[in-house]
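Please look over the chain shown below before reading on.

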Amino acid sequence: MKIKTTVAITHSTKILQDEILKHMDIPKTVFHQRAIKHFLEHNIPVHPWLLIKDRDDLNYVNKNDSEQMYIEVELAEQMKEISDEYNCGWTTVVFQALMTYCAIMAKEVLGEDALTKRVK
């Protein structure tokens with residue numbers, strides 16, 4: 001069973017994800033599940049900047065886009081456990097998973113210089 005949620009993400013992550021999906025020819029739900037599973041399997045930490053809640057902080061990450069996701073209940077529960085450790089919302093952890101997976105897949109699917117191009 002899957003739950004439906006909306007995750008705040010950065011504009012550049014959304015663009016990168018959509019570009020990768022064009023080349024991979026898989027549904028977003030599959031991509032999202034793979035991102036979360038990869039995050040959990042590799043014990044990836046949540047970046048400290050994602051934990052900043054003060055919007056006036058220079059390192060605050062402005063997540064001005066959103067992504068609707070369907071996440072398996074057991075994976076959501078694992079993400080919630082991690083969010084408790086970091087004292088943040090579980091969708092922050094999901095965003096970290098998505099951002100990390102996009103970076104990995106960009107190199108693999110789009111090529112080495114994919115992450116050095118400017119996003120408009």
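How many salt bridges does a search of the whole structure find? The search finds 4 salt bridges, a salt bridge being a side-chain nitrogen of Lys or Arg within 4 Å of a carboxyl oxygen of Asp or Glu. This is a predicted model, in which local features need pLDDT of at least 70 and side-chain atom pairs count only at pLDDT 80 or more, while totals for chains, interfaces and linings use all residues. Residues are numbered from 1 along each chain as its sequence is written, and side-chain values use heavy atoms, with hydrogens and water left out.

**Charged pairs**

Side chains of opposite charge can pair when their charged atoms come close.

| Pair | N to O distance |
|---|---|
| Lys 14 and Glu 67 | 2.8 Å |
| Lys 28 and Glu 67 | 3.1 Å |
| Lys 22 and Glu 19 | 3.5 Å |

The salt bridge between Lys 14 and Glu 67 links distant parts of the chain, with Lys 14 in helix α1 and Glu 67 in strand β2, 53 residues apart. Helices (H or I, at least four residues) and strands (E, at least two) are DSSP runs, numbered from the N terminus. Lys 28 also forms a salt bridge with Glu 67, and here helix α2 is joined to strand β2 by residues 39 apart in the chain. Lys 14, Asp 18, Lys 28 and Glu 67 are linked in a network of salt bridges.

Glu 67 is buried because its relative accessible area is 2%, where buried means under 20%, exposed over 50% and partly exposed in between (1.4 Å probe, protein chains only). Lys 28, at 34% relative accessibility, counts as partly exposed. Lys 22 and Glu 19 are 3 residues apart in helix α1 and are therefore separated by about one helical turn; Lys 22 is exposed at 63%, whereas Glu 19 is partly exposed at 30%.

A nonpolar core is a set of buried Ala, Val, Leu, Ile, Met, Phe, Trp, Tyr and Cys residues joined through side-chain atoms within 4.5 Å. The largest such core has 31 residues, of which Ile 20, Phe 31, Phe 39, Ile 71, Met 79 and Val 94 touch the most other members. Two or more residues are given to this core by each of β1 (2-9), α1, α2, β2, α3 (73-86) and α4 (90-110), and the largest share, 10 residues, comes from α4.

Among the buried residues of α2 are Phe 31, His 32, Ile 36 and Phe 39, and what covers the buried residues of this helix includes β1, α1, β2, α3 and α4. Leaving aside residues up to four places away in sequence, Phe 31 is in contact (heavy atoms within 4.5 Å) with residues including Ile 20, Leu 21, Leu 98, Tyr 101 and Met 105. The 14 residues of α2 should span 20 Å, which agrees with the 20 Å between its end C-alpha atoms; the expected span is 1.5 Å times one less than the number of residues.

**Two loop residues with positive phi**

Asp 25, in the loop between α1 (11-24) and α2 (28-41), has a positive phi of about 55 degrees although it is not a glycine, and Asp 25 is exposed at 69% relative accessibility. Just after α2, Asn 43 takes a positive phi of about 50 degrees. Asn 43 lies in the loop between α2 and β2 (65-72) and is exposed, with a relative accessible area of 69%.
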